[in-house]
Amino acid sequence: MEKNKQKTGLSDGNRKFIVFVSFVLLFIYAPLFPDNIIIRSLIFFGTPVSIWLFLKYQGKDWSMNKMDNDTLTSVMFGIIAGMFLLSSYSSFSAKYHTECDQYARSGKGEYECVGDYKTAKGPDRGEGIMKILFAAIAIKLALAKKEEDES
């Protein structure tokens with residue numbers, strides 16, 4: 001109980017998790033083809049590094065103990081699960097989705113799209129099911145009990 005009340009600041013695991021989420025969000029939403037390679041490098045590498053440095057030097061001063069860090073981790077996984085659930089609802093309720101019209105077998109025995117992507121009527125149920133599975137994993141991680149250190 002004493003160990004839980006000791007103020008430690010932002011944990012190393014939470015700092016890494018926040019930087020990883022920011023990198024993934026940049027990878028998804030940042031422009032892929034800016035004109036200059038320096039700008040592209042700054043977007044993809046400078047932003048996560050600057051977030052990491054900020055959290056490393058400012059996070060230790062935050063008034064957080066082990067229980068607060070565990071709560072922050074659970075909240076972040078809960079937000080991710082909610083985003084997956086909203087996205088799966090969008091996939092299941094869509095009137096149209098895109099699919100490939102021609103596949104070919106690659107040299108490794110896998111199938112890849114060699115045709116065009118066409119608009120098809122109806123929802124993409126496979127995508128919706130995958131998002132629900134990812135949401136279930138995130139919910140499991142959000143609700144996981146954190147083991148206390150015995151040291």
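The following conversation goes through a predicted model of one protein chain.

Trainee: What should I know before I look at this model?
Mentor: The model is predicted, so local features need pLDDT of at least 70 and side-chain atom pairs count only at pLDDT 80 or more, while totals for chains, interfaces and linings use all residues. Residues are numbered from 1 along each chain as its sequence is written, and side-chain values use heavy atoms, with hydrogens and water left out.

Trainee: How many helices and strands does the protein chain have?
Mentor: The protein chain has 5 helices and 4 strands. Both are DSSP runs numbered from the N terminus: helices are H or I with at least four residues, and strands are E with at least two.

Trainee: In what order do the elements run from the N terminus on?
Mentor: The order is α-α-α-α-β-β-β-β-α.

Trainee: At what angle do α2 and α4 pack?
Mentor: Helix α2 (residues 12–29) and helix α4 (residues 66–92) pack at about 20 degrees, and their axes are 10 Å apart. Axes are lines fitted to C-alpha atoms, for helices over the stretch in contact, and angles run from 0 to 180 degrees between N-to-C directions. The two helices, α2 and α4, are therefore roughly parallel to each other. Angles under 35 degrees count as roughly parallel, over 145 as roughly antiparallel, 65 to 115 as roughly perpendicular and the rest as oblique.

Trainee: Which residues meet there, in α2 and α4?
Mentor: From α2, Asn14, Phe17, Ile18 and Val21 meet Asn69, Leu72, Thr73, Met76, Phe77 and Ile80 in α4. Contact means heavy atoms within 4.5 Å. By class, this contact of α2 with α4 has 7 nonpolar, 3 polar and no charged residues. Ala, Val, Leu, Ile, Met, Phe, Trp, Tyr, Cys and Pro count as nonpolar, Asp, Glu, Lys and Arg as charged, and the others, Gly among them, as polar.

Trainee: Is Asn14 buried or exposed?
Mentor: Asn14 has 2% relative accessibility, so Asn14 counts as buried. Buried means under 20% relative accessible area, exposed over 50%, and partly exposed in between (1.4 Å probe, protein chains only). Not counting residues up to four places away in sequence, Asn14 touches Asn69, Leu72, Thr73 and Met76.

Trainee: What about α2 and α3, at what angle do they pack?
Mentor: The angle between α2 and helix α3 (residues 37–58) is about 160 degrees, with their axes 9 Å apart. Helices α2 and α3 are therefore roughly antiparallel to each other. Their contact, by class, has 11 nonpolar, 2 polar and 2 charged residues.

Trainee: Changing topic, where does Lys131 lie?
Mentor: Lys131 lies in helix α5 (residues 125–143). With a relative accessible area of 16%, Lys131 is buried.

Trainee: Which residues is Lys131 in contact with?
Mentor: Leaving aside neighbours within four places in sequence, Lys131 is in contact with Phe84, Ser87, Ser88 and Ser91. The side chains of Lys131 and Ser91 are joined by a polar contact of 3.0 Å. A polar contact is a pair of N or O atoms within 3.5 Å; within protein, one must be able to donate a hydrogen and the other to accept it, and residues adjacent in sequence count only if both atoms are side-chain atoms.

Trainee: And Phe84, is Phe84 buried or partly exposed?
Mentor: Phe84, in helix α4, is partly exposed, with a relative accessible area of 28%. The C-alpha atoms of Phe84 and Ala135 are separated by 5.2 Å, although the two residues are 51 residues apart along the chain.
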